[in-house]
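Thanks for making time this morning. I would like to walk through one model, going from the annotated spans to the packing of side chains, and then to the aromatic rings.

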Amino acid sequence: MSDNKIIKAIKDKGKTLEAEMSFFDHLEALRWHLVRASIAIVVFTAVVFYYYDWIFETIIMGPSKSTFWTYRMLCKIGAALHRDGFCVSNVKIHLINTELAGQFTLQINSALIIGITLGVPYLIWEIWRFIKPALHDKERKAATGFVFYACVLFFLGVLFGYYVITPMSINFLSNYTVSSAIENLIDTDSYLSSVATLTLATGLVFQLPILVYILANLGIMTPKFMKETRRYAIVVILIIAAVVTPTPDMLTMTVVSIPLFALYEVSIIVAGLVEKRKIKKELEFEKGN
C-alpha cells in the first residue's frame, strides 16, 4: 500500500510540475509577444520624435487653430444652411509651461502617445498570435478577421475622436468662462492629456462591437438585452453629444450622435449573429446524437 501511495505521489507531483512548466512556458511566450510589440512602439515613437516639429504644429496643435479641418467644414455647413454660429473664428488657447523640463517632457510624452497609437495594430496582432494556438479550429474560423476589424474600428474611433470630439470639446471648454476677470492660461500637460484622452478614449469606445462579440460568445451579452436597454443607451449618447458640441444646435449634436448610434446598432447585429451561430451548433449537436 505504501509503495502505491509513493508511486501515486510521484505521478501527482509529475503532473503538477508539468502544469507549472506549461504555465511558465505560456508566460515566456507572452513575454516575447509583448517585447516585440514594445519594440514596434519604440520604433514608431522614435520616428515621431524625429519629425516632431511638423507633428506638433500640424497634428497636436491642429484642433487649437481656427483653420482646422473640422472648423472649416462646420463653417461650410453653416453657409450652406444659411445659419450663423457654425463658424469658429477664434479658439482661445494660450499654452504655458510652468516646469523647467516641461517642454522636453511634453515632446517625450506626446511622441510616446502617438507611437503607442500607431503601434496598436501590431500589438493586437501579437496578442492574437498568442491566443490563436489555444483556440479550436472552429473558434479560429469564427474569429477570422479579428485583427483587421479591431484595427479598423480603433482607427475609425481615433479619427472620429480627433476630428469631431476633440475640436468641439476644445472649442467649448476654451471659450467657457465663469467671469471675465479670469483668464485661461492652459498648461501644456493639460492640453496634451485632453487631446490624447478624447482621441484614444473614442478609439477604445469604437471597440464596442468587438467587446460585444466576445461577451456574446461567453453568453453574457444577448441581442435581446441590448434591444431592451436601447432607450438608456440613446439617453447616454445624447448626453455625451450635448456635452462635447460647441453649440446647442441640434444639427451639430446629430453629427456627433449618429456614429455612436450606429456603433450600438452594429453591436446588436453582432450579438444576434453570435446567438444564431450558437443555436445552429446546438441543433447540429442534437441531430448528431
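**Spans, cores and rings**

Let me start with the record: UniProt, in an unreviewed entry, places the feature "transmembrane region" at residues 34-52, 104-125, 146-165, 195-220, 232-248 and 254-274. Please keep in mind throughout that what you see is a predicted model. Taking two of those spans, residues 34-52 are 95% helix and 0% strand, with their end C-alpha atoms 26 Å apart, while residues 104-125 are 100% helix and 0% strand, with the end C-alpha atoms 32 Å apart.

Now to the packing. The largest nonpolar core has 19 residues, and the members that touch the most others are Phe 56, Ile 60, Val 91, Ile 93, Ile 170 and Tyr 191. Two or more residues of this core come from each of α2 (52-60), α4, α6 (146-175) and α7 (188-205), and α2 gives the largest share, four residues. If we look at Ile 60 and set aside its neighbours within four places in sequence, we find it in contact with Tyr 52, Ile 55, Ser 110, Ile 114, Tyr 191 and Val 195.

Turning to the rings, the model holds 12 aromatic pairs. In one of them, Phe 68 and Tyr 162, the ring centres are 5.4 Å apart and the planes stand at 90°, so this pair is edge-to-face. Because Phe 68 lies in the loop between α2 and α3 (69-80) and Tyr 162 lies in helix α6, the pair ties together parts that are 94 residues apart in sequence. Are these two residues, Phe 68 and Tyr 162, buried or exposed? Both of them are buried.

Trp 69 and Tyr 163 also form an edge-to-face pair, at 5.6 Å centre to centre and with 80° between the planes, and since Trp 69 belongs to helix α3 and Tyr 163 to helix α6, this pair too ties together parts 94 residues apart in sequence. Here Trp 69 is partly exposed, with a relative accessible area of 44%, and Tyr 163 is partly exposed as well, at 31%. Phe 68, Trp 69, Tyr 71, Tyr 162 and Tyr 163 form one aromatic cluster.

Finally, there are charges over rings: the charged end of Arg 31 sits over the ring of Trp 32, 4.9 Å from its centre, and Arg 129 lies over the face of Trp 125, at 4.9 Å from the ring centre.

Note on methods
Residues are numbered from 1 along each chain as its sequence is written. This is a predicted model: local features need pLDDT of at least 70, side-chain atom pairs count only at pLDDT 80 or more; totals for chains, interfaces and linings use all residues. Side-chain values use heavy atoms; hydrogens and water are left out. UniProt positions are given in the numbering used here, feature names are shortened, and annotations may be inferred rather than shown by experiment. A nonpolar core is a set of buried Ala, Val, Leu, Ile, Met, Phe, Trp, Tyr and Cys residues joined through side-chain atoms within 4.5 Å. Buried means under 20% relative accessible area, exposed over 50%, partly exposed in between (1.4 Å probe, protein chains only). Contact means heavy atoms within 4.5 Å. Rings of Phe, Tyr and Trp (its six-membered ring) pair if their centres lie within 6.5 Å; planes under 30 degrees apart count as stacked, over 60 as edge-to-face and the rest as tilted. A charge sits over a ring if NZ of Lys or CZ of Arg is within 6 Å of the ring centre and within 35 degrees of the ring normal.
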